[in-house]
Amino acid sequence: MVQEQLESKGVTVTNDQARAVTHEYSDKIWMLHKYVGYGLCFLLLCRIVLEATQPGEEKIKTKIKNALTFQAKTDSEKEDRKIYLLAKRGYLLFYLVFLVMGLSGLVLAFEDVKFLDPIHKIMGDVHEIAQYGVYVYILAHLIGVVREEIGKYPGITSSMVHGKKK
Ligand code: HEM
């Protein structure tokens, strides 16, 4: 692309010269990814601290336990319980995948730290594979939200914004 663009302006550059330009752009993009990554790690840390410090009944652990011991009587209650558990367990899985993503990303980001050298390569592979878990979760989450929004729970998207419970 660089060669084509320059050629249309009457300048001819070699493959290596064009590659040097594209490399610079790709470095900048990865730099941006790194800083966004630090932000995401900070948000994940906040979520972990929140989980540890909020009152017992607000903890995800308690919510899952309560749902498991809840005696569903009607079919509708059973269905609700199933979906509730699926969503909460899905969050747990997402936090786990994101923890792996964050930790492996931090190892890649701190490439100058000598003692991380032996695990650098494997963490690169882990980071590359775990990304698909994030994509699958995002897709499943969106499908679930849209399904419930137009189905049994209209307004769940707006409750993400105002935070009120019905
Ligand atoms: C949704 C979360 C994330 C996704 C989907 C993602 C995706 C990716 C992908 C696809 C690569 C290229 C892997 C390769 O081809 O070798 C990469 C590299 C990298 N990621 Fe992430 N990442 C995420 C989170 C993070 C986080 C939280 C950090 C922490 C700082 C991070 C830091 C890095 C670094 C430093 C690299 C290497 C960049 C380079 O080659 O210069 N990433 N990431």
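The structure is a predicted model, in which local features need pLDDT of at least 70, side-chain atom pairs count only at pLDDT 80 or more, and totals for chains, interfaces and linings use all residues. Residues are numbered from 1 along each chain as its sequence is written.

**View 1. Packing of helices α3 and α4.** Helix α3 (residues 60-69) packs against helix α4 (residues 75-109) at an angle of about 150°, and their axes are 10 Å apart. The two helices, α3 and α4, are therefore roughly antiparallel to each other. Helices (H or I, at least four residues) are DSSP runs, numbered from the N terminus.

**View 2. Residues in the contact of α3 with α4.** On α3, the contact is made by Ile60, Lys63, Ile64 and Ala67, and on α4 by Arg81, Tyr84, Leu85, Lys88, Tyr91 and Leu92 (contact: C-beta atoms, placed from the backbone, within 7 Å). By class, this contact has seven nonpolar, no polar and three charged residues. Ala, Val, Leu, Ile, Met, Phe, Trp, Tyr, Cys and Pro count as nonpolar, Asp, Glu, Lys and Arg as charged, and the others, Gly among them, as polar.

**View 3. The shell around the ligand.** Of the 18 residues around the ligand, Trp30, Gly37, Gly105, Leu108 and Ala109 come nearest (near: C-beta atom, placed from the backbone, within 6 Å of the molecule). Helix α2 (15-53) gives the most to this shell, with seven residues. By class, the shell has nine nonpolar, seven polar and two charged residues.

Technical notes
Axes fitted to C-alpha atoms, helices over the stretch in contact; angles between N-to-C directions. Parallel < 35°, antiparallel > 145°, perpendicular 65-115°, else oblique. Contact = placed C-beta atoms within 7 Å.
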